[in-house]
Amino acid sequence: MQAGQALPIQATRAAVSVALAVTLGHFINDAYGAMLTPLAPAIRSQYGVSIAAVTLLASVFSLTSSVLQPVLGVIGERFDRRLMAAAGPALTGLGLTFMGYAPHFGVLLLLVALAGFGSGFFHPAGAAYTARSSPVHQRGLWASIFSAGGTAGMALGPVFAGVGLHALPIFAPIGLLVAGISYAVTPSDRPISGAKRIHLNEYLGIFRGPPGVFQGAMLRLWGMAVLRSMASMGYNAMLPFIMLSRGYGLRETAITLAVFSVASAVGGIVGGRISDRVGRVPVLRSAIVATLPLFAFLIYSSPAQWWFYPLTFVVGALVNASIPVGVVTAQEYAPGHVAVASSIMMGFSWGTAGLLIFLVGLLADATTPVTAALASLTLLVPSAFLAASLPEPEKRTF
């Protein structure tokens with residue numbers, strides 16, 4: 001009896017270790033990624049480029065880290081995810097910590113692209129490890145903890161950025177260390193020998209979904225996530241320039257982004273746990289609708305007002321409460337392709353939004369950063385309508 005009881009305990013400990021390892025990888029990977037936005041004014045000054053050019057860096061990062069994630073998810077289902085999970089923090093760190101040493105802007109674009117590939121390798125692999133380690137009845141909670149690792153890392157990113165462009169290489173070894181830990185803890189996850197190789201056109205069917213109530217659900221879920229991400233990313237991209245126009249600098253920007261990211265982690269955990277109890281779709285709907293008026297108020301506020309940082313926390317928690325829930329919803333819509341479903345929500349949706357952020361930069365150059373941030377915010381309206389149209393997924397074992 002004791003030996004029989006020891007096996008489940010050992011399995012649980014192994015699952016927890018794997019989940020913690022990839023959550024740590026998520027933490028440092030996204031910490032590196034979050035350095036880009038607060039350093040936008042410094043990059044603009046050093047390389048002598050426009051706001052639109054700086055937002056182009058974010059678009060390039062989104063292209064390689066996010067838009068290509070479905071392709072990398074396909075790779076992840078054909079090859080060992082262990083290497084992909086370890087490559088993330090290593091490549092992202094090396095690419096972004098040397099941003100201040102590019103001889104010209106074109107090389108900087110290449111460094112950012114390299115960092116993006118690291119992030120793109122990591123996310124579908126990390127999400128798949130988490131999904132397969134988690135108990136069915138707590139999948140939303142485990143996914144939200146994994147997501148919280150990333151959002152907590154995003155809170156650390158502005159702190160890293162605070163040392164300035166040319167001091168960033170001191171943080172590069174951290175990513176290499178975390179990559180080593182991830183590789184040591186995660187088990188090999190290779191496809192079964194002789195298993196059928198699935199072609200890309202079969203993955204496109206994931207977007208279409210099966211006939212019936214779930215047909216088109218993944219596409220609507222993806223559209224909801226793109227619009228929600230554009231609202232949040234548009235605000236974050238414009239924040240440094242809004243702060244600068246109001247007489248504030250890197251310190252206030254870093255604090256604001258850190259508060260927003262910590263709140264995102266908290267909101268994601270709460271949203272994930274609630275979704276385990278009341279359902280995925282109700283959380284998706286309510287989180288987006290509740291964000292709208294508060295987000296508009298936040299854009300017109302500043303650190304001089306006592307409510308600015310508490311309001312930043314509330315908005316960050318609400319707008320991001322739906323992120324891990326959306327990932328789990330996608331996984332439950334396509335239980336046979338967990339890595340690809342994860343990449344659609346963690347990569348392809350964010351990446352599409354990231355590419356379109358370049359348009360927000362153009363609007364800011366033509367008008368003001370505040371106008372551009374408000375224009376981004378209006379995208380939460382159609383996002384809420386798409387969330388309202390989604391069917392509730394069935395909780396399944398992966």
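In which helix is the place of Ile274? Ile274 belongs to helix H11. The model described in this report is predicted.

## The nonpolar surface patch

With a relative accessible area of 40%, Ile274 is partly exposed. This residue is one member of a nonpolar patch on the surface, which it forms together with Val262, Val266, Val270, Val278, Phe313 and Val314. The accessible area of these residues together is about 520 Å². Two helices, H11 (250-278) and H13 (308-320), each contribute at least two residues to the nonpolar patch. The largest share, 5 residues, is supplied by H11.

## The salt-bridge network

The structure has a count of 4 salt bridges. A network of such bridges links Arg273, Asp276, Arg280 and Glu332.

| Pair | N to O distance |
|---|---|
| Arg273 and Asp276 | 3.5 Å |
| Arg280 and Asp276 | 2.8 Å |
| Arg280 and Glu332 | 2.9 Å |

Arg273 and Asp276 both lie in helix H11, and because they are 3 residues apart, about one helical turn separates them. In general, an α-helix has 3.6 residues a turn, so residues three or four places apart point the same way.

Arg280 is buried, with a relative accessible area of 0%. Arg280 in turn forms a salt bridge with Glu332. Since Arg280 lies in helix H12 (residues 280-299) and Glu332 in helix H14 (residues 322-333), this pair ties together parts that are 52 residues apart in sequence. Glu332 counts as buried as well, at 2% relative accessibility.

## Helix H6

Helix H6 covers residues 105-133 and has 29 residues. From its first C-alpha to its last, H6 reaches 42 Å, close to the 42 Å expected at 1.5 Å a residue. Of its 29 residues, 21 are buried, so H6 is largely enclosed by the rest of the structure.

How many cavities of 30 Å³ or more does the structure hold? There are 3.

The largest cavity contains about 910 Å³ of space. Its lining is made up of 43 residues, and those nearest its centre are Gly33, Thr37, Met154, Met233 and Asn236. Among the helices that each supply at least two residues of this lining are H1 (2-33), H7 (139-161), H10 (217-245) and H15 (338-366). H6 is also among these helices. Helix H3 (51-67) is another of the contributors, and H3 gives the most to the lining, with 8 residues.

Conventions: Residues are numbered from 1 along each chain as its sequence is written. This is a predicted model: local features need pLDDT of at least 70, side-chain atom pairs count only at pLDDT 80 or more; totals for chains, interfaces and linings use all residues. Side-chain values use heavy atoms; hydrogens and water are left out. Patches are made of residues with over 30% relative accessible area and no salt bridge: like charges are joined within 9 Å, nonpolar side chains (Val, Leu, Ile, Met, Phe, Trp, Tyr) within 5 Å. Accessible areas come from the Shrake-Rupley method with a 1.4 Å probe; for residues, only the protein chains shown count as cover. A salt bridge is a side-chain nitrogen of Lys or Arg within 4 Å of a carboxyl oxygen of Asp or Glu. Helices (H or I, at least four residues) and strands (E, at least two) are DSSP runs, numbered from the N terminus. Buried means under 20% relative accessible area, exposed over 50%, partly exposed in between (1.4 Å probe, protein chains only). The expected span of a helix is 1.5 Å times one less than its number of residues. On a 1 Å grid over the protein atoms alone, a cavity is a set of points where a 1.4 Å probe fits but cannot get out, and a pocket is an open set with protein on both sides within 12 Å along at least five of seven lines; lining residues have an atom within 4 Å of a point. Grid points are joined across faces, edges and corners, and a volume is the space filled by probe spheres set on the points.
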